[in-house]
Amino acid sequence: MEGQLKRLVIAAPHSGSGKTTVAALLCLALRARGLRVQPFKLGPDYLDPTHLGRAAGQQTRNLDSFLLGPTRARDLFARAAAGADISILEGVMGLYDGRDPSSDEHSTAELAALLDAPVVLVVDAAGMARTVAAVAAGLRDFRPGLRVAGVILNRVGGAGHAALCEVALAQVGLPVLGFVSQTPALYLPERHLGLLAAEQTQWDEGAALGAAQHLRLDALLAAAQAPALPQAPAASLPARRVRLGYALDEAFHFYYPDALDELRLAGAELVPFSPLRDAGLPSGVGGLLLGGGYPEAHAAALSANLSMRSAVRAFAASGRPVVGECGGLMYLGETLEDGSGACTEMCGVIPYRTRMAPNLTLGYREATTLGASVLAPAGTALRGHEFHHSVLTHAPTRPAYRWTGWDGQEVTEGYAAGNVLASYLHLHLGAEPLLAARLVAACS
């Protein structure tokens, strides 16, 4: 089965060019026109999807060729985009920036080619005119066959400045598909600790729609025409369901939507609960999932909820599966130490202690499971992503994973013992349906 899916990849020469701002303005303007817009974020980012989802009125989906693999990324895109009038896909970093500088692997360009999607370049034109054409033409020509549909000029001084850039771009055969003036109120915070700021950022929708008037929507919609993609057959939900509780509040909310969908398809009824406010766990749940988030920002309130901490400990002691990911690992541990050295008691499910650190741990990981867990058998190769500002205060005693670090040294990480799995590693359960199926089976 094949489906016609209008789509545009919003890319740029480098991070900080304004991709998120422009993509969000585009989602907002298309939505105001009455279209159903499906936003996507390329890469493992949790911040930009928040902005895009608010602007589009639809939950943003992550696409990452490293975490998902090419076939799975294409299938998940087609599944989510099927009901939309148009999909807007915000790229990651610069157009050709991926895992290493010697290839396009895991870059925005690679995913655009995989999805046969037209690319719109966002160029920060502040302080430039003719040079904009050199930059845009260089990006277009660097990879033959990549379909660059045109340019949106960002941070221009006004219509006159945009017109000068347009004359230059016409000389290299690239149309201007709109411009965004220098409006500081529109620009969105960068990531970490901008992640927390993303929750508190509210656009003035009137001002945003005013800025979006300079986007040439008819031309952008025409450029979004793209060939049909093969679509995987729709999966049916199993008749038998198990209840899986998942933490969802200000402290825990980093989940890939496609990963949650995969759990549902495997037979899970997902039941949200709040470690911050609820007195206990939802009734009848067969397992717990504690995703990433900001336990450090809510440590006092999490610690003060003694009944919830007791309920989580008792649940883990009962032998039912408990999975903690990044923030979830911190909450399942014994204590969380802030930057001043003050410790706050956490659940005490695992014999680990964490502390906030000044440096960010960030990067893709190719890991192997050291033992069997509720997600995978021993020796399973998994791909994940780390993004955290806390660390263990000690070496892991029951590590879940092993991988080779950037310096060639072996790294062991996480905790796996019996029914409990906790790790800093963000996995994408949508990458491999067997992971979700194994967890759901353990819950039943």
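Tyr415 stands opposite Ala422 of strand β23. Strands here are DSSP runs of E with at least two residues, helices are runs of H or I with at least four, and both are numbered from the N terminus. The model is predicted, so local features need pLDDT of at least 70 and side-chain atom pairs count only at pLDDT 80 or more, whereas totals for chains, interfaces and linings use all residues. Residues are numbered from 1 along each chain as its sequence is written, and side-chain values use heavy atoms, with hydrogens and water left out.

Strand β23 (residues 420-423) and β22 pair in the antiparallel sense, over 3 bridges; two strands count as paired if DSSP finds at least two bridges between them. Both belong to an open sheet of 6 strands with mixed pairing, in the order β12-β10-β13-β15-β23-β22. At the edges stand β12 and β22 (415-417), each with a single partner strand, so one side of each has no neighbour in the sheet. From one strand to the next the twist averages 15 degrees. Helix α15 packs on this sheet and touches β10, β12, β13 and β15 (322-325), its direction making about 110 degrees with that of β10. For such angles, axes are lines fitted to C-alpha atoms, for helices over the stretch in contact, and the angle runs from 0 to 180 degrees between N-to-C directions. Contact means heavy atoms within 4.5 Å.

Helix α11 (residues 257-265) is largely enclosed by the rest of the structure, because 7 of its 9 residues are buried. Buried means under 20% relative accessible area, exposed means over 50%, and partly exposed lies in between, with a 1.4 Å probe and protein chains only. The buried residues of α11 are Pro257, Asp258, Ala259, Leu260, Asp261, Glu262 and Leu263. They pack against several elements, including β10 (242-247), β12 (268-273), β13 (287-290) and α15 (433-443). Also among their partners are β4 (61-63) and α4 (70-81). Just after α11, Gly267 takes a positive phi of about 115 degrees.

Gly150, in strand β7 (residues 148-156), is buried with a relative accessible area of 0%. Neighbours within four places in sequence aside, Gly150 is in contact with Val119, Val120, Leu121, Leu174, Pro175 and Leu177. Between Gly150 and Ala223 there are 8.4 Å in space, C-alpha to C-alpha, and the two are 73 residues apart in sequence.

Ser87 lies in strand β5 (residues 86-90) and is buried, with a relative accessible area of 1%. Setting aside neighbours within four places in sequence, its contacts are Lys6, Arg7, Leu8, Gln38, Phe40, Phe77 and Ala81.
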